[in-house]
Amino acid sequence: MTSATRNQVLSLYMRVFRIARGWQSTLPQDTESERRYIVQEAQTLFRQNQQLTDHKSIKKCIDECEARIEIGLHYRNPYPRPIYLPIMGLATQKGRKLKAQQRMRKQAKPVYLQSYDKDS
């Protein structure tokens, strides 16, 4: 990891904690639990991805983090948005292989949920 990439990752990490510190929920009674969720989610995902060395995968994680920050701030909701499967995303026809459906589900996964992918 280059020093510029390292600085960018650390900057994002600190930004997430600053956002959590100042987070105000739409429902005042949920503010503290949402703050804890933001901190726990950041710690979990950053630790999960700390062993990455490939520049492309690091860039992908940075993009995911920025997308989740912007979506959370825009919608005032720290939780990931739901995934909507494409038409025929789950259906099988007479025992056909599920490769096409699996590919459609993978393509339908938004950038802000790539860390939840168990296959890659």
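Which residue lies over the face of Trp23? Arg76 does, at 4.3 Å from the ring centre, where a charge counts as sitting over a ring if NZ of Lys or CZ of Arg is within 6 Å of the ring centre and within 35 degrees of the ring normal. This is a predicted model, in which local features need pLDDT of at least 70 and side-chain atom pairs count only at pLDDT 80 or more, while totals for chains, interfaces and linings use all residues. Residues are numbered from 1 along each chain as its sequence is written, and side-chain values use heavy atoms, with hydrogens and water left out.

Arg81 is placed over the face of Tyr75, at 4.2 Å from the ring centre. Trp23 also touches Thr31, Glu34, Arg35, Ile38, Gly72, Leu73, Asn77 and Pro78, among others, when residues up to four places away in sequence are not counted; contact here means heavy atoms within 4.5 Å.

Trp23 belongs to the largest nonpolar core, which has 11 residues, including Leu12, Val16, Ile38, Ile58 and Ile69. Such a core is a set of buried Ala, Val, Leu, Ile, Met, Phe, Trp, Tyr and Cys residues joined through side-chain atoms within 4.5 Å, and buried means under 20% relative accessible area, exposed over 50% and partly exposed in between, with a 1.4 Å probe and protein chains only. Two or more residues of this core come from each of α1 (3-21), α2 (31-48) and α3 (55-75); helices are DSSP runs of H or I with at least four residues, numbered from the N terminus.

The aromatic pairs number three, a pair being rings of Phe, Tyr and Trp (its six-membered ring) whose centres lie within 6.5 Å, with planes under 30 degrees apart counted as stacked, over 60 as edge-to-face and the rest as tilted. Two of them are set out here.

| Pair | Centre to centre | Angle between planes | Geometry |
|---|---|---|---|
| Tyr13 and Phe17 | 4.8 Å | 85° | edge-to-face |
| Tyr13 and Phe46 | 4.6 Å | 65° | edge-to-face |

Tyr13 and Phe17 are four residues apart in helix α1, and so are separated by about one helical turn. Because Tyr13 lies in helix α1 and Phe46 in helix α2, their pair ties together parts that are 33 residues apart in sequence. Tyr13 is partly exposed at 22% relative accessible area, as is Phe46 at 21%, whereas Phe17 counts as buried at 18%. Tyr13, Phe17 and Phe46 form one aromatic cluster.
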